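Please keep the structure in view while reading.

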Amino acid sequence: MIRAAVPADVPAVLALVRALAAYEREPHAVAMTAADLHVALFDPDPSASCLVATDGPAPTSTDPGSVVGFAIWHRTFSTWTGQAGMHLVDLFVQPEHRRGGHGRALLAGLAGICVQRGWLRLEWAVLDWNTPAQEFYRSLSAGPLTGWMTWRLDGDALTRLATDT
């Protein structure tokens, strides 16, 4: 089952974020706390949204169910199309629950949000060595953008540039 995350899901989603970091060979990179994630997802002006995949019985008000995967995303804007879109920040399904349709269902849920809202794009980044993910995305008729590279400014460089006004 795919559904929007609720506050009770924060610990499970954070645990999955840490599992994703380990899978991506950066197990110590996650600095986010449960409080950070709660604010990001449930603040009056949230900076991100999250779908979760659950396994087992339907969730209840007292038991949100067993979260086995997640997709965290945020809204984007294209100056080419003049329309909003979606950037998928992270998608992860526990290894023991892969090949059960959860990843496809999460992406279908995100695509549904895009279509429902009239958004024209769903984009994400994939590590160049993660061929299982690349093959999965290709099976859905997704493909890499050519000619584009992701760039980042952070840490001291970000602070230095911010003070160069």
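Serine 78 has glutamine 83 of strand E4 opposite it. The model is predicted: local features need pLDDT of at least 70 and side-chain atom pairs pLDDT 80 or more, while totals for chains, interfaces and linings use all residues. Residues are numbered from 1 along each chain as its sequence is written, and side-chain values use heavy atoms, with hydrogens and water left out.

**Sheet**
- An open sheet of mixed pairing is formed by five strands, ordered E1-E2-E3-E4-E5.
- Strand E1 (2–4) and strand E5 (122–124) are at the edges with a single partner strand each, so one side of each lacks a neighbour in the sheet.
- From one strand to the next, the twist averages 35 degrees.
- Strands (E, at least two residues) and helices (H or I, at least four) are DSSP runs numbered from the N terminus, and two strands pair if DSSP finds at least two bridges between them.

**Pairing of E4**
- Strand E3 (residues 66–78) and strand E4 (residues 83–93) pair over 10 bridges in the antiparallel sense.
- Opposite alanine 71 stands leucine 91 in E4.
- Four residues lie between E3 and E4 in their hairpin, and glycine 82 in the turn has a positive phi of about 70 degrees.
- The pairing of E4 with E5 is parallel, over three bridges.
- Histidine 87 has glutamate 123 in E5 as its bridge partner.

**Helix H3**
- Helix H3 (residues 102–117) packs on the sheet and touches E1, strand E2 (49–55), E3, E4 and E5, where contact means heavy atoms within 4.5 Å.
- The direction of H3 makes about 165 degrees with that of E4; axes are lines fitted to C-alpha atoms, for helices over the stretch in contact, and angles run from 0 to 180 degrees between N-to-C directions.
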